[in-house]
Structures are given as structure tokens and as C-alpha cells.
Amino acid sequence: MKPALALLAITLSIVTAASARAQTLPDPPPPPPLPLWDVQVGASFVGTSGNSHSATTGLDFTSHRRGAVWHLESAATAVRTSSDDATTAERYAGMFQAQRTLLPIVGLSAGVHLERDRFSGLDARSILDGGLSWAFVHHPEWTLDGVSSVAWLHESRAAGGEVSDPIGVLQLLSRIRIGAAGDTTQRFTYYPNFKTASAYRSEAEFTTQAAMNAHLALKIGYLLRYSHNPVPGFRTTDNTTTVSVVLRWKASTGAP
């Protein structure tokens, strides 16, 4: 037998055997649905002493309530870094979002976002938005949701002065289940400015979380923020990487 024919015969034999074995194995059970509600609190800390004295602390909080009609979500984060007793980075952010289902794929959405980041030149930033929510994909193993809203932006800047502009909020949020013990999320948000076209902003966030037991999990996150027209004297891009231990609670029943 020629070598090529022999190799083809061996390959077909392996494929046939693997196919037969796959047919005899039971299908893996589908992942459970998302819980009716969940709450989690994460914390991280990195410190050095001796030749240098620095510390970085991070806290984050998220909660969801997934009803048949209403979906409520809230979140808050705090990050602070100091070196030799001098603060070198500090950011606080929080949000609350309420969505009401109108049709299987569309609903109403309203929310408020608050932020303080003096190291980006902001004493305070608030965004009040209202518009439509979109349920593009809703499977136990993968969800893809969107938001398209009009909003009002107000900024108080650290160097003085205020900005109040009408803006938009366009967001895609994907969540992929990794077995029964983990998940990964990908979020992209774009903020066009209807008053000053060059003052648009965007955010991209990626997180991966793996459960260690029923109430503890390890979470890794990366947040990239871009402002095309930042506060004068500050850079256009900020990024934050976090590794935290998460304490979580969730309902024993699945969302409707």
C-alpha cells in the first residue's frame, strides 16, 4: 500500500473511532439559567514596604434582580493607589440601571452613572440616560444585550469649570458561561456628544470569574477608557487591571 493511502486509511480509522465514541457518550448537561438575583462584593490589595512604601486597594460591588418584567442592576467600584503616603491614583464610580421588558427583544431602559476621578481632572461626572434595551441573544450559555439611549452629561472639573452636554449611550454587553463554575463578560460603551462632536468617549471592559466554592470566586478584570477630548492637561487613555477575591450570594431559583 502506498504511504499516502496508508495515511488516509489510518486517518479515516481514527475519525470513525472518535465519531463512534462521541455518539456513545451522553451530551453534557446545559448550564443552569441565571439566578433570579445575585449580589457580590470583591476586594483586592497589593502593598510593599522597605525600600519603597506603596499600596493599592480596590473594592467592587454588583447586584442583579432579574424578574419577568423588570431587570435591576447596580454596581460600584473604588480604586486607590498611594506611594510613600502620597495618593497617586484614585477613582470612584457607581451606577444604577432599570430595564422594563416590552417585547421579547426590546424594552425600556433608564439609569444614572456617577464618577469621581481627580487624576483625570474630574471632581464629579454624572450621566442620566433613558432609552431602549435590546435582548439580542438569551441562551443559558450566552447572552448578548444592548442599550441605545439619549442622556445628559454634567461634569465638574478639578481645575474649575463645568460642562453640561446632551450625549448618547450605545452599549453592547456579552456574557459567556464557562462550564458551571465560571463566566466571562465583554462590554463596549460609546458616548457620542451631540453638542461637541470631538468630545466623544468610549469604554471597553473584560472580566473573567471562576468560582472556588459556593460563595468565593476569583475575578480578573481589565477596563480601558478613552476620551477623545479630555480635560486640558490630561491624557486621552486610562486603563485599569484588577485581580480580586469575590464573596457572592445568589438565589437558588433561576430567572424567569
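Strand β5 pairs with strand β6 (residues 122–139) in the antiparallel sense, over 11 bridges. The model is predicted. On the other subject of this briefing, the surface, ten named residues from Trp-37 to Trp-249 form a nonpolar patch.

**Strands β5 and β6**
- β5 and β6 form a hairpin, and four residues lie between the two strands.
- In the turn of this hairpin, Gly-121 has a positive phi of about 90°.
- Leu-114 has Ser-126, in β6, as its bridge partner.

**Strands β4 and β5**
- Strand β4 (residues 86–103) pairs with strand β5 (residues 106–117), also in the antiparallel sense and over 11 bridges.
- Opposite Met-95 stands His-113, which belongs to β5.

**The nonpolar surface patch**
- The patch consists of Trp-37, Val-41, Met-212, Leu-216, Leu-218, Ile-220, Val-243, Val-245, Leu-247 and Trp-249.
- Together these residues have about 840 Å² of accessible area.
- At least two patch residues come from each of β1 (37–48), β11 (216–227) and β12 (237–250).
- The strand that gives the most is β12, with four residues.

- Val-245 is placed in strand β12.
- Its relative accessible area is 43%, so Val-245 counts as partly exposed.
- Patches are made of residues with over 30% relative accessible area, and Val-245, at 43%, is above that cut-off.
- In a regular strand, side chains alternate between the two faces of the sheet.

Conventions
Residues numbered from 1 in each chain as written. Predicted model: local features only at pLDDT ≥ 70, side-chain atom pairs only at ≥ 80, totals over all residues. Heavy atoms only, no water. Patch = residues over 30% accessible without salt bridge, like charges linked within 9 Å, V, L, I, M, F, W, Y side chains within 5 Å. Areas by Shrake-Rupley, 256 points an atom, 1.4 Å probe, with all protein chains shown as cover. Salt bridge = Lys/Arg side-chain N within 4 Å of Asp/Glu carboxyl O. Buried < 20%, exposed > 50% of the residue type's maximum accessible area, 1.4 Å probe, protein only. Pairing = 2+ DSSP bridges.
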